[in-house]
Amino acid sequence: MSYDQFMSSENDYIQEADANRVRVLSEALPYIQQFAGRTFVIKYGGAAMKDSSLKDKVIRDIIFLACVGVHPVVVHGGGPEINSWLGKLGIEPQFKDGLRVTDAATMDVVEMVLVGRVNKELVSLINQAGGKGVGLCGKDGNLVKARRVDQEDIGFVGEVSKVDVKIVDALVNNNYIPVISSVAADETGQAHNINADTVAGEIAAALGAEKLILLTDTAGILENYQDPNTLLTKLDIKQARDLIAQGIVGGGMIPKVNCCVRSLAQGVRAAHIIDGRIPHSILLEIFTDRGIGSMIVASEYQS
């Protein structure tokens, strides 16, 4: 190949790449216009939190949302890091019916890791990438009140009893990005560990959010969990409940779907379960015509 042929080929490639970039931006425009000024609650966890390359892309997606006028609110857990620190301190992680057994010593570690380490790392990454992140937990401004889960022998595992989003509203209205860890206190001030999906869903409902987005380690809701080609891209509350009743949705997906259904029933317009293992999964789901995950809406007639 001559130099001129090489340069011609290189220019063709650059023009094609630029054309694709412009096409993608053009496709995104109506979504950007539709969602500007709306609140998205993003539950961040799973592989996207453990893999540093994926983590960087999630942070960039969050900053992108903020830059195009969306108000992102981030809620996170941090199970793997909790397990790592429990190991360093010689405490054996224990689970019962999918819930972390949380005695007093474990609760201390959970709170230190989630509030003091994971939360501040995410805030720092958002700020380094040009955003304005502010870290919170359920205790701040009485954002979330906990009550103990009615189950024996699991310790300080909580559920949400009350949400007061004034502090989140104040931050969002001043263009800050709240980053919320799923630790909250009960009426006596005792800290409890709450499932981060649950916290995200209840905060989304209290904010009247446009979207609740759950980053998971699955493609979404599958008709056949062994076949990713059976992804259900859009369904309503009734269809979601039917899938649980039929046993098509099972295991760890049940609480995620129930969390979405609860938030939709309380006014959230759409809930998305997406694969956080795919780079830029948030933008792919929100700003492209095809999307990549499962969207649940209150009614099949709702767009």
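Reader: Which residues of helix 8 (residues 237-245) are buried?
Author: The structure is a predicted model, in which local features need pLDDT of at least 70 and side-chain atom pairs count only at pLDDT 80 or more, while totals for chains, interfaces and linings use all residues. Residues are numbered from 1 along each chain as its sequence is written, and side-chain values use heavy atoms, with hydrogens and water left out. Helices (H or I, at least four residues) and strands (E, at least two) are DSSP runs numbered from the N terminus, and buried means under 20% relative accessible area, exposed over 50% and partly exposed in between (1.4 Å probe, protein chains only). By these criteria, the buried residues of helix 8 are I237, A240 and L243.

Reader: How wide an arc do they cover around the axis of helix 8?
Author: The arc is that of the directions from the helix axis to the C-beta atoms. These residues lie on the same side of helix 8 because their arc is only 125°.

Reader: Which exposed residues does the face of helix 8 turned away from its buried side carry?
Author: An α-helix has 3.6 residues a turn, so residues three or four places apart point the same way. On the face of helix 8 turned away from the buried side, the exposed residues are K238 and A245.

Reader: Which elements do the buried residues of helix 8 pack against?
Author: Contact means heavy atoms within 4.5 Å. The buried residues of helix 8 pack against strand 12 (234-236), helix 9 and strand 14 (294-297).

Reader: Which residue caps the N-terminal end of helix 8?
Author: A polar contact is a pair of N or O atoms within 3.5 Å; within protein, one must be able to donate a hydrogen and the other to accept it, and residues adjacent in sequence count only if both atoms are side-chain atoms. Here a side-chain oxygen lies 3.2 Å from the backbone nitrogen of K238, and the residue that provides this cap is D236.

Reader: Is H192 buried or exposed?
Author: H192 lies in strand 10 (residues 191-194). The residues it touches, not counting those up to four places away in sequence, include M107, F156 and D186. Its relative accessible area is 0%, and H192 is therefore buried.

Reader: What is the volume of space in the largest pocket?
Author: On a 1 Å grid over the protein atoms alone, a pocket is an open set of points where a 1.4 Å probe fits, with protein on both sides within 12 Å along at least five of seven lines; lining residues have an atom within 4 Å of a point. A volume is the space filled by probe spheres set on the points, which are joined across faces, edges and corners. For the largest pocket this space is about 1300 Å³.

Reader: Which of the residues that line the largest pocket are closest to its centre?
Author: The largest share of the lining, six residues, comes from helix 9 (residues 253-265). Of the 45 residues that line this pocket, the closest to its centre are K43, G98, N195, A196 and D197.

Reader: What is the phi of N175?
Author: Most residues other than glycine have a negative phi. N175 is in the loop between helix 6 and strand 8 (177-181), and it is exposed because its relative accessible area is 53%. Although N175 is not a glycine, its phi is positive, about 65°.
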